[in-house]
Amino acid sequence: MDVVPFHGSYFPRRNDKVIGKVIEVGPSMWTIDIRSPYLTMLHMNDTPWKTYSGEIKKYLNAGDYVYAKVMNVNEVKESWVTLKEPGQGLRKLEGGHIMYVPSPKVPRIIGKTGSMVNMIKDATSTRIVIGQNGVIWIDGTPEDVLIADEAIRMIEREAHTTGLTDRMVEFLKKVKGETDGNAQ
Amino acid sequence: MGTPSNIKLIDENGLRLDGRGDEELRPIKITTDVLERADGSAFIEWGGNKILVAVYGPREAYPKHTQDIEKAVIKARYNMAAFSVDERKRPGPDRRSVEISKVISEALSAAVMLEQFPRTQIDVFIEVIQADAGTRIASLTAASVALANAGVPMKDLVVGCTAGKVEGRIVLDLSKEEDNFGNADLPMAVLSKNDEVVLIQMDGELTKEELNKGMEMILKATKRINEIQRKALSEKYAVSATEGGE
């Protein structure tokens with residue numbers, strides 16, 4: 001038996017791509033907070049950089065954000081993430097803004113094959129990365145980031161309703177009109 | 001319990017002090033999402049009881065020796081405010097509240113899918129703001145709503161009710177006077193769907209027949225209380241669905 005809650009914390013699953021914050025740097029591993037009851041680990045050998053034990057701080061320090069993929073989760077929910085899979089956009093996230101949503105709302109924000117998030121990206125000309133754990137990274141001008149933030153909050157509020165895509169089109173059209181007006 | 005008194009608890013028409021019949025509940029109202037910072041919360045008003053429940057977690061269990069490598073642990077804390085009763089209660093945990101915290105933790109553990117989050121704890125803080133008999137089952141009823149509100153996966157909602165013996169009659173949902181001056185008090189909690197008993201305690205004396213009758217009355221009442229729980233949980237979604245529905 002299983003239950004799918006409307007909200008609640010994130011639990012790492014293998015192959016999920018998540019955004020995490022480095023909270024501790026060890027000799028050969030980073031400890032990463034992925035907004036889950038469990039912390040996760042990133043080993044220096046699972047990064048694209050040539051690192052040596054004891055000096056991994058040069059590449060990632062406490063407070064940095066990474067877009068990483070969950071490599072493995074064991075029975076007691078210990079997990080390890082990797083940055084070393086080419087072509088999947090895994091990387092250290094530099095600059096940008098971080099926002100949080102409940103992880104069960106993530107599929108709705110992404111939309112069918114990314115339709116919803118692409119719409120927001122196009123309309124606001126921002127770069128957006130969404131982690132399965134509900135952490136979202138947005139990069140762009142402060143005005144655009146605020147609009148994207150508001151659009152995502154709207155999805156979060158109305159995730160369980162129908163006809164959301166249409167309302168999003170309307171919303172983006174409206175706020176975009178406003179920003180254009182201000183720009184003059 | 002059983003304190004001799006000359007208060008007439010049931011009048012000549014068979015009505016109780018507050019005008020209720022034998023199987024009548026006090027009014028119950030549950031609201032969810034009352035606390036901003038908690039992962040889930042609920043507020044229950046059950047007769048004169050006012051109880052606030054906050055749920056945090058699942059989160060990493062601390063201190064570390066309390067962790068269970070196979071499942072989550074539920075840490076419920078039942079606490080009565082100093083001003084919750086007529087005579088000021090000395091604040092802090094006492095023998096009674098430690099016991100209630102324990103039985104509530106155990107009852108909730110029967111419903112929550114603990115195996116899904118090993119090594120974590122789920123905190124359930126129960127603050128009794130105003131007490132009026134039956135706080136443990138009211139707390140439990142609200143706590144399971146708060147857990148569901150927090151998005152903690154559960155097999156079922158826990159729903160409780162009391163029965164008791166007042167002037168020789170078995171009645172449902174004792175009031176404060178009936179609790180203090182009646183003959184027996186029987187709080188019980190079940191899982192709403194299959195009536196699995198997760199908490200039963202008894203204070204006073206009941207015969208086997210009286211106990212069975214009391215349990216039967218409680219089981220019937222829990223169906224009604226469960227409706228209130230479900231309504232409390234679905235309410236906020238219903239509102240936004242009509243706002244944004246087709």
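In chain B of this predicted model, the axes of helix 1 (residues 95–109) and helix 2 (residues 135–149) come within 10 Å and cross at roughly 45°. Helices (H or I, at least four residues) and strands (E, at least two) are DSSP runs, numbered from the N terminus. Axes are lines fitted to C-alpha atoms, for helices over the stretch in contact, and angles run from 0 to 180 degrees between N-to-C directions. Helix 1 and helix 2 of chain B are therefore oblique to each other. Angles under 35 degrees count as roughly parallel, over 145 as roughly antiparallel, 65 to 115 as roughly perpendicular and the rest as oblique. The crossing of these two chain B helices is right-handed. A crossing is right-handed if the near helix is turned clockwise from the far one by less than a right angle, and left-handed if anticlockwise.

Helix 1 of chain B contributes Arg96(B), Glu99(B), Ile100(B), Ile104(B), Ala107(B) and Leu108(B) to this contact. They meet Thr135(B), Arg136(B), Ser139(B), Leu140(B), Ala143(B), Ser144(B) and Leu147(B) of helix 2 of chain B. Contact means heavy atoms within 4.5 Å. The residues of the contact divide into seven nonpolar, three polar and three charged. Ala, Val, Leu, Ile, Met, Phe, Trp, Tyr, Cys and Pro count as nonpolar, Asp, Glu, Lys and Arg as charged, and the others, Gly among them, as polar.

Residues are numbered from 1 along each chain as its sequence is written, and chains are lettered from A and ligands numbered from 1 in the order in which they are written. Local features need pLDDT of at least 70, side-chain atom pairs count only at pLDDT 80 or more, and totals for chains, interfaces and linings use all residues, while side-chain values use heavy atoms, with hydrogens and water left out.

The axes of helix 2 (residues 115–124) and helix 3 of chain A come within 9 Å and cross at roughly 155°. That makes helix 2 of chain A roughly antiparallel to helix 3 of chain A. The crossing of this pair is right-handed. Met116(A), Ile120(A) and Thr124(A) of helix 2 meet Asp144(A), Ile147(A), Ala148(A), Ala151(A), Ile152(A) and Ile155(A) of helix 3. Seven residues of this contact are nonpolar, one is polar and one is charged.

Helix 3 (residues 142–158) of chain A also lies across strand 7, strand 8 and strand 9 of chain A. It runs at about 150° to strand 9 of chain A. These three strands form an open antiparallel sheet in the order 7-9-8. Strand 7 (97–100) and strand 8 (127–130) of chain A are the edge strands, each pairing on one side only. Two strands pair if DSSP finds at least two bridges between them. The twist averages 20° from one strand to the next. Four bridges join strand 8 of chain A to the antiparallel strand 9 (residues 135–139). Ile128(A) stands opposite Ile138(A) of strand 9. Arg157(A) belongs to helix 3 of chain A and is exposed, at 53% relative accessible area. Buried means under 20% relative accessible area, exposed over 50%, and partly exposed in between (1.4 Å probe, protein chains only). Arg157(A) and Ile128(A) are 29 residues apart in sequence and 19 Å apart in space, C-alpha to C-alpha.

In chain B, strand 4 (residues 73–80) has six of its eight residues buried, so it is largely enclosed by the rest of the structure. Strand 4 of chain B pairs with strand 5 (residues 120–130) of chain B in the parallel sense over eight bridges. Tyr78(B) has Ile126(B) of strand 5 as its bridge partner.

Lys176(B) lies in helix 3 (residues 176–181) of chain B. Its relative accessibility is 21%, which counts as partly exposed. Lys176(B) touches Val85(B), Asp86(B), Ala131(B), Asp132(B) and Ala133(B), not counting residues up to four places away in sequence.

A cis peptide bond joins Gly57(B) and Pro58(B), with omega about 0°. Pro58(B) lies in strand 3 (residues 49–60) of chain B. The bond from Tyr62(B) to Pro63(B) is also cis, with omega near -5°. Pro63(B) is found in the loop between strand 3 and strand 4 of chain B. Arg119(B), not a glycine, has a positive phi of about 70°. Arg119(B) sits in the loop between helix 1 and strand 5 of chain B and counts as buried at 14% relative accessibility.
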